[in-house]
Amino acid sequence: MKAAILEEFNGKLTIKDIDKPEVAEGKVLVRVKSAGINPVDQKLSEGYMKDNLPHEFPIILGWDLAGVVEECGHGAARFRKGEEVYAYARRPVLKEGTFAEYISIPESYLAKKPINISFEEAGAIPLAGLTAYQCIFDAARLKADETILILGASGGVGTFAVQLAKYHGSKVIAVASESNHQYLKDLGADHCIDYKKENVPQEVKKLEKEGVAVVLDAVGGDTTKMGAECLNKDGRLVSIASQGEGLPEETDFRFVFVQPNARELEHIKELVEAGSLKVHVEKKYDLQDINEAFEQIASGHTKGKVVVSMG
Ligand SMILES: NC(=O)c1ccc[n+]([C@@H]2O[C@H](COP(=O)([O-])OP(=O)(O)OC[C@H]3O[C@@H](n4cnc5c(N)ncnc54)[C@H](OP(=O)(O)O)[C@@H]3O)[C@@H](O)[C@H]2O)c1
């Protein structure tokens, strides 16, 4: 099979022909049709988290997948050959990822793919969709009558977060570049603020005098601190991009590191099929152009998602 291989932490992937993985007990061999590209993939390729994340070279990166079940190992009975699936495939050791034509993966990671969208769209969902879901529902426990401020709203995670919060009935204030405001309004944002031209806390206080109940920070750095200024007195700040350094002591802060969760992916599938959640794929790359996709994601200004397609 073809796979994008990382030989060392130098940020460069090489396409190689390697052996197809074997399907083992409890595992499912999936023919990968598409895989979302996430900022973490590019960061990992340069050695990010290398001291904390067990890894074995050569590494196939990639944690998102949408594909078709090719073969089921002994005891893997949840899926049948030919079924369309998707998954957030982050394994304990960085070695066998989804930027390849096949992956052998424990069946517990897999959920059925939403039937009404393409493989490219489905492959764009798992990591970013689960992150938004876990921030809003598991960490912040957003209530329908609360307002959420989303920092980094036009990116992969933000795009899902805006829609999930709206689906939940909450009011959404989205922060992004002005050129993305119409995109965010189409997704359901009630108000948009341009972080490049406007003072975000001041604009938030014009809309919500006491501040907002929840801030979801997908940017990090000084933006996280700015998010804390936008909270009301009982507000919760959830970040996926900062560990909360330098925040006022009284801040109710939670860091989220997205976890694989097939049950939540099943719920996301229902939302997609009901039309409550749309996927925006800004650009699709062929596997051999994956380094170009990494350059795009490293820009920090991707609208929605970029994916690689294995054809
Ligand atoms: N902890 C976790 O589990 C977890 C999970 C997923 C992602 N992450 C991290 O979270 C971050 C976002 O991920 P993503 O996939 O959404 O990234 P992405 O798709 O690359 O999105 C980046 C977005 O950030 C916006 N942005 C950049 N600077 C901004 C600023 N100062 N204020 C407001 N918005 C700004 C850009 O908006 P404009 O182009 O409109 O300016 C762009 O749309 C990354 O650092 C990623 O590694 C962590």
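Mentor: Let's start with a term: a strand is a DSSP run of E with at least two residues. Pro58 is found in one of these, strand S4, residues 55-60. Keep in mind that we're looking at a predicted model.

Trainee: Okay, what makes the peptide bond from Phe57 to Pro58 stand out?

Mentor: That bond is cis, with omega near -5°.

Trainee: Why is Gln42 called buried?

Mentor: Buried means under 20% relative accessible area. Gln42 has 14%, so Gln42 is buried. You'll find Gln42 in helix H1, residues 39-45.

Trainee: And which residues is Gln42 in contact with, leaving aside its neighbours within four places in sequence?

Mentor: Those are Phe294, Ile297 and Ala298.

Trainee: How do you know whether Arg141 is buried or exposed?

Mentor: Use the cut-off again: exposed means over 50%. Arg141 comes in at 58%, so we call Arg141 exposed. Arg141 is another non-glycine with a positive phi, about 50°, and its loop runs between helix H3 (126-139) and S10.

Trainee: Now helix H6, residues 200-207. Which of its residues are buried?

Mentor: Val200, Pro201, Glu203 and Val204.

Trainee: How do you know on which side of H6 they are?

Mentor: Look at the arc they cover around the axis: only 160°, so they sit on the same side of H6. Gln202 and Lys206 are exposed on the other side.

Trainee: What covers the buried residues of H6?

Mentor: The cover includes strands S10 (147-151), S11 (171-175), S12 (191-193) and S13 (212-217), plus helix H7 (222-229).

Trainee: Zooming out, how do you know how the protein's radius of gyration fits that of a compact globule?

Mentor: For 311 residues, a compact globule would have a radius of gyration near 19 Å; the protein has 19 Å, so the two agree. The C-alpha trace spans about 60 × 40 × 35 Å along its principal axes.

Trainee: And how much of the protein is buried?

Mentor: Buried residues make up 55% of the 311. As for secondary structure, there are nine helices and 17 strands.

Conventions: Residues numbered from 1 in each chain as written. Predicted model: local features only at pLDDT ≥ 70, side-chain atom pairs only at ≥ 80, totals over all residues. Heavy atoms only, no water. Helix = DSSP H or I, 4+ residues; strand = E, 2+ residues; numbered from the N terminus. Rg over C-alpha atoms; globule rule 2.2 N^0.38 Å. Buried < 20%, exposed > 50% of the residue type's maximum accessible area, 1.4 Å probe, protein only. Arc of directions from axis to C-beta. Contact = heavy atoms within 4.5 Å.
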